[in-house]
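Let's take a walk through a protein chain together. Keep the picture open beside you while you read.

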Amino acid sequence: MNQVLVTGANGFIGAHVVRAVIDAGAEVRAMVRPGSDQRNLDALPIEILHGDLTDSASLEDAVTGVDTLFNVAARYDLSRRARRDAFRANVDGTRALMLAALRAQIDRVVHTSSVAAIGPPRDLSRPADESQWADIDRAPGPYEETKILSERLVHELVQTESLPAVCVQPTAPIGPLDFKPTPTGRLIRDAANGAMPAYIRTAGLNVVHVQDVAEGHVNAATMGRIGERYILGHGEGNMTLREIIEHAAVAGGASVPRMALPSTVAFAAALIDEFLISALTRQQPRATIAGVRLARQRQFFDCRRAIQELRLPQTDLDETFNDAVTWFQKVGR
């Protein structure tokens with residue numbers, strides 16, 4: 001791993017992958033969309049290239065001269081109106097990038113998929129692992145559909161075209177540089193600030209430090225088996241929403257909300273937000289139907305394969321929450 005391309009390099013996970021690659025001693029070409037927020041990449045010794053998964057010409061330029069590709073880019077939008085754009089970027093764009101990587105004879109590809117492609121555990125007494133594939137007909141929304149389809153096409157190209165690819169599925173990373181923030185990051189921030197008088201009664205997530213996820217990407221490039229899938233999570237990170245909120249509140253010195261609301265309340269709010277408020281204001285909905293459906297699913301995962309084969313770091317969970325909360329407090333978000 002000497003010359004590396006990272007797509008989606010200015011995103012939450014992508015920015016940490018860039019740093020992990022630099023720490024590994026490789027040179028980084030960071031592909032970002034024109035006009036996008038690049039604060040996560042400030043002052044880093046990298047080459048910035050403007051490109052887009054929906055622009056085939058930019059992809060051909062991006063892969064020229066690199067030996068390793070980290071495809072972290074994706075259109076992350078849970079709203080129903082984003083369906084067409086999500087398919088163009090996450091499915092068609094992934095296909096175009098993988099074909100460009102084949103033509104460029106790249107040595108190793110790490111494709112950032114999602115635990116959405118694994119789905120919730122079918123046996124609720126056990127967490128899901130990499131042997132399980134999500135049922136696309138039961139995907140909560142277009143984003144999850146596209147992540148299932150894009151990972152399937154990567155595996156298909158491994159089989160039919162000998163694409164040297166490994167797929168990784170991050171769980172729910174938290175930590176510094178979450179400028180947007182992500183839905184999990186927003187939850188951590190609000191709980192730490194005491195800005196959450198009540199919470200929605202939902203299933204749970206697997207929480208992991210974002211820097212561990214980034215290290216998992218780098219290790220997937222050097223240790224991962226071609227054609228394999230690896231869940232990048234924490235072995236002790238399966239937590240209910242209540243537990244996540246408690247950890248964040250303690251880290252921020254805030255009180256823990258006592259009132260738990262049924263998920264039907266969140267679903268009703270998402271219906272109003274997505275179909276009425278968002279349509280009238282032309283703004284992104286704060287609550288989406290797909291997001292609520294996803295929250296209803298038990299997102300618990302068995303991460304042993306990545307821990308054993310990729311030596312995935314396992315940062316202490318208290319430290320993980322403290323790092324996330326400290327960063328949000330530092331930047332005043």
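A residue counts as buried when its relative accessible area is under 20%. Keep that cut-off in mind, and remember that the model you see is predicted.

With the cut-off in hand, turn to helix α11. Its buried residues are L317, T320, F321, A324, V325, W327 and F328.

Just after the helix comes G332, which takes a positive phi of about 70 degrees.

**The whole chain**

Now step back. The protein chain holds 11 helices and 12 strands. Of its 333 residues, 53% are buried. Among contacts with a separation of 6 or more, 76% are between residues 24 or more positions apart. The accessible surface comes to about 14900 Å², and carbon and sulfur atoms account for 48% of it.

**The nonpolar cores**

The largest nonpolar core has 37 residues, and those touching the most other members are V6, V17, V21, L41, F70 and L232. Several elements give two or more residues to this core, including β1 (3-7), β2 (27-32), β10 (229-232) and our helix α11 (317-331). The largest share, seven residues, comes from α1. Another core, of 24 residues, lies apart from it, with V63, I106, L157 and C167 among its members.

For a closer look at L232, leave out residues up to four places away in sequence: its contacts then include V168, V208, V213, H217 and L310.

Let's visit N10 and V110 next. N10 sits in the loop between β1 and α1, while V110 is found in strand β5 (residues 108-112).

| Residue | Relative accessible area |
|---|---|
| N10 | 16% |
| V110 | 0% |

Why is N10 called buried? Its relative accessible area is 16%, so it falls under the 20% cut-off. V110, at 0%, is buried too.

Which side chain does the side chain of N10 meet in a polar contact? It is that of S36, at 3.1 Å. The N10 side chain also reaches the backbone oxygen of D37, at 2.7 Å. Beyond four places away in sequence, N10 touches V32, S36, D37, Q38, N40 and L41.

V110, with neighbours up to four places away again left out, touches L69, F70, N71, V166, V168, H217, A220 and A221. How far apart in space are V110 and T222? Their C-alpha atoms are 9.9 Å apart, although the two are 112 residues apart in sequence.

Definitions and conventions: Residues numbered from 1 in each chain as written. Predicted model: local features only at pLDDT ≥ 70, side-chain atom pairs only at ≥ 80, totals over all residues. Heavy atoms only, no water. Core = buried A, V, L, I, M, F, W, Y, C linked by side-chain atoms within 4.5 Å. Buried < 20%, exposed > 50% of the residue type's maximum accessible area, 1.4 Å probe, protein only. Helix = DSSP H or I, 4+ residues; strand = E, 2+ residues; numbered from the N terminus. Contact = heavy atoms within 4.5 Å. Areas by Shrake-Rupley, 256 points an atom, 1.4 Å probe, with all protein chains shown as cover. Polar contact = N/O pair within 3.5 Å; in protein donor to acceptor, adjacent residues only side chain to side chain.
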